[in-house]
Amino acid sequence: MNWRDDLTSGVRDASIRTKLSGALVFVLLLVAAVSALGVAQVISVNRVTTEIREVRLPQVELLEKLRRLALQHHLVVMRRLQVIDYRNLAEIDASLDETRQELQEASASFEATIGSPEERRLFAIFSHAWKIYVASLDQVNDAVESGELEEATEFANGTTRLQYQAAVDELENLIAYAKAQSKDAAERASNAVSRAVSQSLIVLAIASLAALGTIFWVQRNVSGPLRGIAHAMRRLTVGDHTTPVPEPTPRRDEIGVLVLALAGYRDALIHSREFARNAEQEWERLRAAVANMPVGLSMFDASDRLIICNRIYCDMYGLPPEDTLRGRTCQEIFAGARRHSGIYASIAEVLAEARSDPGATTHLVCETSDERILALGIQSIAGGGWIAIHEDITARRRVEEKIRHMARHDALTDLGNRLLFRDSLEEALSGLADKASVAVLCIDLDRFKNVNDTLGHPVGDALLQAVADRLRSCISQNDIAARFGGDEFAIIQLGPVQQPQAASDLACRIVRIVGEPYEIDGQQIIIGASVGIAIAPLDGKDADTLLKNADMALYAAKADGRGVHRFFRGEMSLRSNTRRLLELELRRALVDGELCLHYQPMFNMENREVIGFEALLRWNHPTRGIVPPNEFIWLAEEVGLIVPIGQWVMEQACRDAASWPGYINIAVNVSPVQFRERTFADQVVAALAASGLEAHRLEIEITERVLIADTAVTLAVLQRLHEIGVRIAMDDFGTGYSSLGYLRQFHFDRIKIDRSFVADLGAGDQESLAIVRAVASLSSSLNIATTAEGVENEQQFERLRAEGCDTVQGFLLGMPVPADDVARMFDAGAISAA
């Protein structure tokens, strides 16, 4: 490196003050040279240059410093608003205080140099504008301190920035004035120099060229870079990051330092704004996630101040919107929402417990005064603070309670079901003390099935609900009522009562109250109740035994005419076992072929010739011999065996009759239970097809019980059978209360007069005679054949013939015989052709 490089490096690294001073010294030397040509010019130039050096230039320098410090002060303030980490605030505040101190010192220094009223006026305007700006900053700081960061930022970017710009504009006016004064002094110096140059052109030319070179150098090395820096600072201040910033150079003067500082400030500003933008995005994501949670959430810091919550949390406790709660303590938040008595004390206790075990989760379920059930989960956060999950589980708990209730209660009547009844009975029996007793009452409704069949299930359900209400009115608070299903009810009678009297009184009360008329959907309904009673420990010490014995007592009550109550007796067990044995034997009989048919002939009353047979079911018991149907048909209907038995009877009767002469008909009795089968008509058709029997030779006998079950459906089945040729007869006519009504709904082929009316004809019973006469007359009018059952003597026969009956059957003319005997009768010619 030569001396030229050393000189260039030295000039480049010198301070601006040094450079300007050097330039001034150079100019002064030139002026001094010119002054040698004239004392007056030298004195004038010296006075002007002194003013420039000692007043104007320091003023410009101080004003430039004021402008730089004002800009720096504003940038620090804006940075302070954007800082999120509160640990950097102290450093920023210190920098801000230092900048303010420098501003005050620079202002005081400039004020000391003021020499004209105009300068003092412009300085006063600038000072006043700056005070307004500082006062605006104090408002921003107050908003920041109170936590209103958003409002502070908006105020700073609006009002404060405008006030800052106004102060800077007044400063620029002052700088312009100072520069104008400097320029004026320079012009005066130039005039003085011109006068000197006029005296020495060579010296003046040299001085002028040197001055121009100096000015160009200063502009290039000082003013130009400063203008670029000022422009970049202004653009960065308004958020324009695309404005190019002068690249750092090897210069070590103030401009070099300022360029390095500006580049660092730009990078820091870009980074801080990017960080703030990312933080805001993360915060918005967090808020969106919290807001869309299906449960309430609240998060508090170590000072119990709310950080974040969601709308469900606010709605759950009747709080204002979540944005108004942030930063408030838990106590402040709930200060105006204490209407859910006791709940917040519970939360405080759980919170204290959670804080004692950091990282653990504490759960709480509490009920509010408005009958809501809330579930809370509270967990401490590492470093302080806590988070809570709030869930309203009222609906879920209510559903669970309803499910538990439904599992142990009847859905229709809300009485206990079999499960609740059994559990309660076992509990009562387990705590049964000496000389104490528990009564079990099994209740069955009489004639309920007729109501269900005739009026429909909705009315039947309403009737069951009414019965349940009456049962509740019959029992005490200690007793337990239940419905087992259908029309079966049961009661556990508890308490210090005298048995069996208390159970008897309760049963009588139930029979009386349940038997009172009901008014449902405009229909008056009358039913009854039968009650069976078993008392522990006499009739059993466990639930199964008591229920079984009470059920046997109920069966006895129904067998004794219904509408009564019966206590369990030891012989009932024997009767029940006999019934169970009979059921087993009947099932075996159906499988083993022990059932058979006997046929009773029906005779024409004019010539006493056989016109057909009625199939009568018999049980050929291996030990008891022939068992008549009245001893087992009722059981078959109760246990459901009547359906397969009836189908077998239909098929066998058709097969037997198919081998008889074509003018002989066969009559088959059908149970109401068979008619409830949807396939009954198909079974009849199948039996006819399998046997080859003509449909018109088959006559189906039904009772009024068949029609009562479901009139519309039954009539449809009867109509279908009638259309294929099957004849329909009404058996036991006159024993019901609506026979005439059924004759209007369906045209029967035959009416059979019940044997109860025929039996009294021989004794001269006028009522029976009137009934027989009326039936015969009615049948004749309706073109319906009549058959009288149970004719056992000639007197009955002649009376029936006199009243116009068509056919008869009974022991007088023919006993029921097996199918083989019927065949032999045809072979022997005992039955002649019609």
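Biologist: Why is D423 called partly exposed?

Modeller: Happy to start there! The relative accessible area of D423 is 28%. Buried means under 20% relative accessible area, exposed means over 50%, and partly exposed lies in between, with a 1.4 Å probe and protein chains only. The 28% of D423 falls in that middle range, so D423 is partly exposed. Before we go on, this is a predicted model, in which local features need pLDDT of at least 70 and side-chain atom pairs count only at pLDDT 80 or more, while totals for chains, interfaces and linings use all residues. Residues are numbered from 1 along each chain as its sequence is written, and side-chain values use heavy atoms, with hydrogens and water left out.

Biologist: Thanks! What makes D423 and R408 a salt bridge?

Modeller: The term asks for a side-chain nitrogen of Lys or Arg within 4 Å of a carboxyl oxygen of Asp or Glu. The closest N and O atoms of D423 and R408 are 2.7 Å apart, so the pair qualifies. D423 lies in helix α13 (residues 418–430) and R408 in the loop between α12 and α13, so the pair ties together parts that are 15 residues apart in sequence. R408 is partly exposed too, at 29% relative accessible area. Helices here are DSSP runs of H or I with at least four residues, strands are runs of E with at least two, and both are numbered from the N terminus.

Biologist: How many salt bridges does a search of the whole structure find?

Modeller: The search finds 23. Another of them joins E594 to R588, with the closest N and O atoms 3.4 Å apart. E594 counts as buried at 13% relative accessibility, whereas R588 is partly exposed at 32%.

Biologist: Why does the pair of R727 and E699 count as a salt bridge?

Modeller: Their closest N and O atoms are 3.6 Å apart, and that is within the cut-off, so the pair counts. R727 lies in strand β18 and E699 in strand β17, so the contact ties together parts that are 28 residues apart in sequence. R727 is partly exposed at 26%, and E699 is buried at 4%. There is also a network: R608, E794, E798 and R801 are joined by salt bridges that share partners.

Biologist: What makes strand β17 largely enclosed?

Modeller: Five of the five residues of β17 (residues 698–702) are buried, so the strand is largely enclosed by the rest of the structure. L698, I700 and I702 point one way and E699 and E701 the other, and all are buried. In a regular strand the side chains alternate between the two faces of the sheet.

Biologist: How do you know that β17 pairs with β16 and with β18?

Modeller: Two strands pair if DSSP finds at least two bridges between them. Four bridges join β16 (residues 665–669) to β17 in parallel, and four join β17 to β18 (residues 727–733), also in parallel. Both pairs therefore meet the criterion. A667 has E699 as its bridge partner in β17, and I702 stands opposite M730 in β18.

Biologist: Why are β2 and β3 said to stand at the edges?

Modeller: Five strands form an open, antiparallel sheet in the order β2-β1-β5-β4-β3. β2 (306–309) and β3 (361–367) each have a single partner strand, so one side of each is left without a neighbour in the sheet. The twist averages 15° from one strand to the next. Inside this sheet, β1 (residues 296–300) and β5 (residues 386–392) pair over five bridges, with F300 facing its bridge partner W386 in β5.

Notes. Axes are lines fitted to C-alpha atoms, for helices over the stretch in contact, and angles run from 0 to 180 degrees between N-to-C directions.
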